[in-house]
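Please read this note with the structure open beside it. It takes up two kinds of side-chain contact in turn.

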Amino acid sequence: MFSRDIKVAKDADALSALAANLFVDIARESIALNGSFTVVLAGGSTPRKLYSLLASENYRHQLDWKNFSFFFGDERHVPPDSDESNYRMAAETLLTPLNIAPANIHRWQAELPDSSDAADEYEAKLRHHLGSKNGSLDLVLLGLGTDGHTASLFPLTAALSERKRMAVTNWVGKLYSHRLTLTLPAINKARNIVFLVSGKEKAKAVANVIEGEFRPDDLPAQLILPEDGTLYWLLDEAAASRLDHE
């Protein structure tokens, strides 16, 4: 059984600080218990602010980064130096500033011509890494799209019905492209899942996912239901503005 915790910060800056403090707490607890910490990073503008804060002088010395392993929740089918690459954004804002060892960074091989090959490679990488951790990630960071998608689990796409694999390629018709994404089984087995959402433009999606009718084919974020972990919703006031109950 999982628990859900909704926290609301005043603005985007306060939201980043709230997320950074929670990140530190979860990482410290994991390292104290297991000697390691495996985190799945998200793309987007809101996580960018979080990563920059974690790499700042106020936070970078609070954690023993050599015990971290970094994965990515999803990726576009682009090379790692592309402006659209989630890996590139995280590298520029977090991984490079912290001098994270390459061996501790596990990115999608999204430059491979066939996205299925990239998904297969990531599946094998995840299973190998998590073999000693009972298949459970310590923390998964997620964003939320205005259409209710999260990671690259988009409405009415095939990946929503995947129940065995941890990583797949997902054809997204409205984008006319393949996306690489972790699956619901991989995400929902995590010990901690954090949605990080800011901005008024996300308010309707936040309210629909959290308080609306259960329509998971249309609102895939409703399918994020940890098997035995904690689900956090970290919102700024603008993103939370349409919730009836905070």
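Predicted model: local features only at pLDDT ≥ 70, side-chain atom pairs only at ≥ 80, totals over all residues.

1. Aromatic pairs. A search of the whole structure gives 12 aromatic pairs. One of them joins Phe-72 and Tyr-87: the ring centres are 5.9 Å apart and the planes stand at 70 degrees, so this pair is edge-to-face. Phe-72 belongs to strand E3 (residues 68–72) and Tyr-87 to helix H3 (residues 86–95), so the contact ties together parts that are 15 residues apart in sequence. Phe-72 has a relative accessible area of 1% and is therefore buried, since the limit for that term is under 20%.

2. A stacked pair. How are the rings of Trp-108 and Tyr-122 arranged? Their centres lie 3.9 Å apart and their planes make an angle of 20 degrees, so the pair is stacked.

3. Phe-23, Phe-37, Trp-65, Phe-68 and Phe-70 are linked by ring pairs into a cluster.

4. Salt bridges. Side chains of opposite charge can pair when their charged atoms come close. The count for this model is 12 salt bridges. In one of these, Asp-13 pairs with Lys-49, with the closest N and O atoms 2.9 Å apart. Asp-13 sits in helix H1 (residues 12–34) and Lys-49 in helix H2 (residues 45–54), 36 residues apart, so that distant parts of the chain are linked. Asp-13 is exposed, with a relative accessible area of 52%, whereas Lys-49 is partly exposed, at 36%.

5. Asp-64 and Lys-66. These two residues form a salt bridge whose closest N and O atoms are 2.6 Å apart.

6. Arg-88 and Asp-83 meet in a salt bridge, at 2.8 Å from N to O. Arg-88 is partly exposed, with a relative accessible area of 27%, and Asp-83 is exposed, with 71%. Through salt bridges that share partners, Asp-83, Arg-88 and Glu-92 are joined into one network.

Terms used: Residues numbered from 1 in each chain as written. Heavy atoms only, no water. Phe/Tyr/Trp six-rings, centres within 6.5 Å; stacked < 30°, edge-to-face > 60°. Helix = DSSP H or I, 4+ residues; strand = E, 2+ residues; numbered from the N terminus. Buried < 20%, exposed > 50% of the residue type's maximum accessible area, 1.4 Å probe, protein only. Salt bridge = Lys/Arg side-chain N within 4 Å of Asp/Glu carboxyl O.
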